[in-house]
Every structure is written in structure tokens, then in C-alpha cells.
Amino acid sequence: MDKQLVSILVPIYNGQKFLTEFLDSIKKQTYRPIELILRDDCSKDASVNLCEKWKENNAECDFTINLIKGEKNIGLSQNVAKLAQYARGKFIFLADQDDIWLKDKVLEQVEYLENNPECVVCLSDRSITDARLNVHIKSNYEYLGYNRTSMKMEEVVRHKYSYAANCMAVRNMNKQIFDIPDGITCHDSFIAYMASYYGTVDFLFEPLLLYRIHSHNLSGNFCAENSRNFLECFRRYLKSCKRGQESSRNDGRIICNEMKKRYGVDLAELESPFANCVKYNYIKRAWEEARKKYKADKIGKWRR
């Protein structure tokens, strides 16, 4: 049986520092055939030049490399939506520009999807590292206390899981899943919600990538561990909590509307956490969380 084409989508923005290492890890993947699709969202650094040079130096690669240069900055979620329009593969993998993929990541997730036809999104575990790739958390799922291996739509909308995009392998269902509306902050959660209508969202409890934490991470999930001092810790928590508030307020409304418009599903009937979004004071929360980290003497423990 012939192997199915896989599309790897890489949204790029100011990623020159770690981009080459990431691209090299894609080249080392044991699975073929793949197509690598990159779109630069008007970076202010040398990301585009770096990608062009890498493409030129790897012209002999046994996979296609498609580099798209955006004409204007549209943000991460819409960058992913644009990338998906070029995907020809049966399965779509989402990537972060600063991670490292272990060599069997694509192979293992494709095999899982092939062996579990009811699964629409397969998420792998990931190890958390510092900027120099020193592993500090071997299993992110264990760290977060995950214990479910598969969820249907009702479970997806009732549980506040972290559907990390860089862990995702998604069945290509044309525009049903990747037609991402403007205003979405967390496209990974949106994709999980939309996909769950067609099948299950499954978790592989095996770390298949190195998730690098550094000072410019967008999510800010572990940024306090890498902070220089209390004020920096607070600033990062503030940014993370503000983004969380925007996601809860905007994404919740958009997801509810899209589920109802596309599939006739009323999330309020499924006890969705988005059904009755409550505003919270993100500054107060950020302050409390930062103080907790500071008192626990965790500030700067990852610094080298």
C-alpha cells in the first residue's frame, strides 16, 4: 500500500534564531512522502532569507518545499488558515518554527491515524526544554495531569484541554476544519472543536517533539521559569493572562457561533466552558500567579 502524502505547515514570524534547527529536524523525518509549506507573515528579521538559503542548500531533498511570502501581517491564526489552502496531503501537521521534531514524529502519528479511522486529530506528547534544548519536563501530559486518550465532541467541549497546535496531526477535510474565522486567538482549540464534530480527538502519550521555551514564546506557558526577576515574571504572566482573557471572550463567542452555523450544534446544551464566559481581572490573576512563582524560588532556575 502506497503511503499517503503529508503536508507540514509552518507559520513563520521573526523566527531566524531557531528556524534552521527546526527545518533540519523536518529533513530528518523517517516518513515520506511529505511536502513542507512555509509562509512568512512579514517578518522584520532575516527569516525569509534564511528559508530561501535553506531551500537552496537542500535542493536535493526528496520532498517539496513551498515558501510563501505574505504581503501583509495577518497574525498567527490567519497565517495557519492561509497555509492550509496550499495543503495537498491526506494528513496535515502543524508546526512551530522554534521546535525540534524527533525523527519518527510524522511516522508514528500517521500510523495512528491510519489505524484509527475515527480519529480526526491526533496529538502527540512533547518534552519541555530551555532555549539550549536541555529537557526540564520530559512529558508535558504527565506534568499537566492528562489521563484521557480519546475524546468525542461532547468531551472536547466540556474539558479545558490544551490542544497544542505543534502536536497536531489532522485529517485533511478541506475547509471544514481550517476555515478559521478572523478574531480567533487560539487556532489550536478552534481546530479541535471543529474536528470533533467529525470524529475523535486522540492523545499519544509519547513525547515526539522538543518544545523550546525562550523569551519570545507567544504562548507564555512556561515563561516564568525562564524569567530574570519578579518584574519580568509578572510581565510575562500579565501577557499570558491577557491573551487567555481575549481567547475566552472572543474565541468562545466565535466557536459557539461557528458550531451552530456549520453543524447546528448548540454548545450551551453540552455544558461548554464557552457557553457563559465570565470576565476576570487578568492583572490580579497575573499578580497572584507571579507571586506564587517568586515565592517558590523558581525564577531563573532554567537560565544558563
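Author: A salt bridge is a side-chain nitrogen of Lys or Arg within 4 Å of a carboxyl oxygen of Asp or Glu. This is a predicted model, where local features need pLDDT of at least 70, side-chain atom pairs count only at pLDDT 80 or more, and totals for chains, interfaces and linings use all residues. Residues are numbered from 1 along each chain as its sequence is written, and side-chain values use heavy atoms, with hydrogens and water left out.

Reader: How many salt bridges does a search of the whole structure find?

Author: One of them joins Lys90 and Glu114, with the closest N and O atoms 3.4 Å apart. The search covers the whole structure, and its count of salt bridges is 11.

Reader: How many residues apart are Lys90 and Glu114?

Author: Helices (H or I, at least four residues) and strands (E, at least two) are DSSP runs, numbered from the N terminus. Lys90 sits in the loop between helix H3 (76-84) and strand S4 (91-94). Glu114 belongs to helix H4 (residues 105-115), and the separation of this pair is 24 residues.

Reader: Which residue forms a salt bridge with Arg32?

Author: Arg32 lies in the loop between helix H1 (19-27) and strand S2 (34-40). The partner is in the loop between helix H2 (47-57) and strand S3 (64-69), so the pair ties together parts that are 30 residues apart in sequence. At 2.8 Å between the closest N and O atoms, the partner is Asp62.

Reader: Is Asp62 buried or exposed?

Author: Buried means under 20% relative accessible area, exposed over 50%, and partly exposed in between (1.4 Å probe, protein chains only). Asp62 has 53% relative accessibility, so this residue counts as exposed.
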